[in-house]
Amino acid sequence: MMVGSNRMLYPILGFTSCLIFMYMFFGDFEVINDNDLPEMSFVKRNGTQFLLDGKMFYINGWNSYWLMDHAVDEYRKPKVKSMLKVGAKMGLTVCRTWAFNDGGYNALQISPGRFDERVFKALDYVIYEARRNGVRLLLSLANNLQAYGGKTQYVKWAWQEGIGLSSSNDSFFFDPSIRRYYKNYAKTVLTRKNTYTGVEYRNDPTIFAWELINEPRCMSDISGDTLQDWIEEMSAYVKSIDSNHLITIGLEGFYGPKNPKRLTVNPENWASELGSDFVRNNNVPNVDFASVHIYPDHWFKNINFEAEQKYFAKWIVSHIEDGDKELNKPVMFTEYGLSNLNKDYEPAQREKLYRMVFNIMHKSARKNKSGAGALIWQLFVEGMEEFNDDFGFVPWEWPSLHKLMAEHSCKLAWIGVTPTNRHLEKLCSLKQ
């Protein structure tokens, strides 16, 4: 919601909207010299704010988990280039993607400590192509889920080698051998020298931050002590190798059994029994910012759109409040979306929901609150139906939503810093 002091911006933003529409559909055809990569600085943190070149940096971004996987094969590599360029032209500044694939097809880590150079070069390419377009990457190092191997694969490896303490997937968090597997993997990725740029990942500002693991849960210890110990150890380890980059955990944002918000904000009782706690887990010195996911259509049964919209707002506001009052750290909503499988789903609901999210984030930014950014789950290009789910979409096939996302990018840019992103500068007419 725009406050009275912002009314003078309406004519400017109205004109900007026209420019946005023209730029989205006509664009430019400038060729980037491969030897002239855009200058980038590392994103830093000061309290609840991200800083870029000493100025506040607010993020509008997206998820495309599939970038490394598609960059492996030459015939699919153009989809990576297309997605990053389109994201940049929408003014999106951060893309979250997987920097893991453990075992199975196109695995980066074939077995503990064994890597496929062909796949590593694909990740090199993703980072290089992101840099060319002025997009930063939030790279996730592991998965709690089974997709692309996940913690299940780590446990299988330990079990197959006869050194595993347990066949439980949760042994990923407490088995010393598996912890060594993870540390070795993290070190190998962080110290990797990019074959396109010659820059080690830990020295590359194209990488916005490292995410320790996607959606960690340790339900065998609902006290949260096991997961807490893992977070403390791994965040310290990653920071010891790479002091340039920010670190986040990858949490969904649920409140644990000792947090009073479990009764008022968690979706249902089960959410406090997952072995995680948003506040406790993020109150770790080497964790730089908090991450939150938002999926009420998966968390509740038979929720209607009106109720889902209200819960979205409640969930976001609660976590921004935590960032300000409990953590003194930025809070990023690193996954959010609306399922098209909901019984009452209509396409217009997505635009309405995203607009509400954008308004809350814009208001937080204007008041210098901890709401630092949000990443839509998820964006694709044409011909990727087998990789899509009930949340994803191709942005240029939805012009009104495409335009809404671009407008939000400009609103955030007006408040904070103009990033080193030629597309955002043109989109918002923010010439230096």
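**Exercise 1.** Work out which residues of α5 are buried.

*Solution.* Start with the cut-off: buried means under 20% relative accessible area with a 1.4 Å probe, protein chains only. Gly150, Lys151, Thr152, Gln153, Tyr154, Val155, Trp157 and Ala158 of α5 are buried. Next, the tally: that's 8 of the 11 residues in this helix, which spans 150–160. (Helices are DSSP runs of H or I, at least four residues; strands are runs of E, at least two; both are numbered from the N terminus.) Finally, the partners: the buried residues of α5 pack against β6 (109–111), α6 (171–174) and α7 (176–190), with contact meaning heavy atoms within 4.5 Å.

A word on the model: it's predicted, so local features need pLDDT of at least 70 and side-chain atom pairs 80 or more, while totals for chains, interfaces and linings use all residues. Numbering runs from 1 along each chain as its sequence is written, and side-chain values use heavy atoms, leaving out hydrogens and water.

**Exercise 2.** Find which element gives the largest share of the second largest pocket's lining.

*Solution.* Two elements give two or more residues: α11 (305–327) and α12 (347–366). The largest share, 5 residues, comes from α11.

Terms used: Buried < 20%, exposed > 50% of the residue type's maximum accessible area, 1.4 Å probe, protein only.
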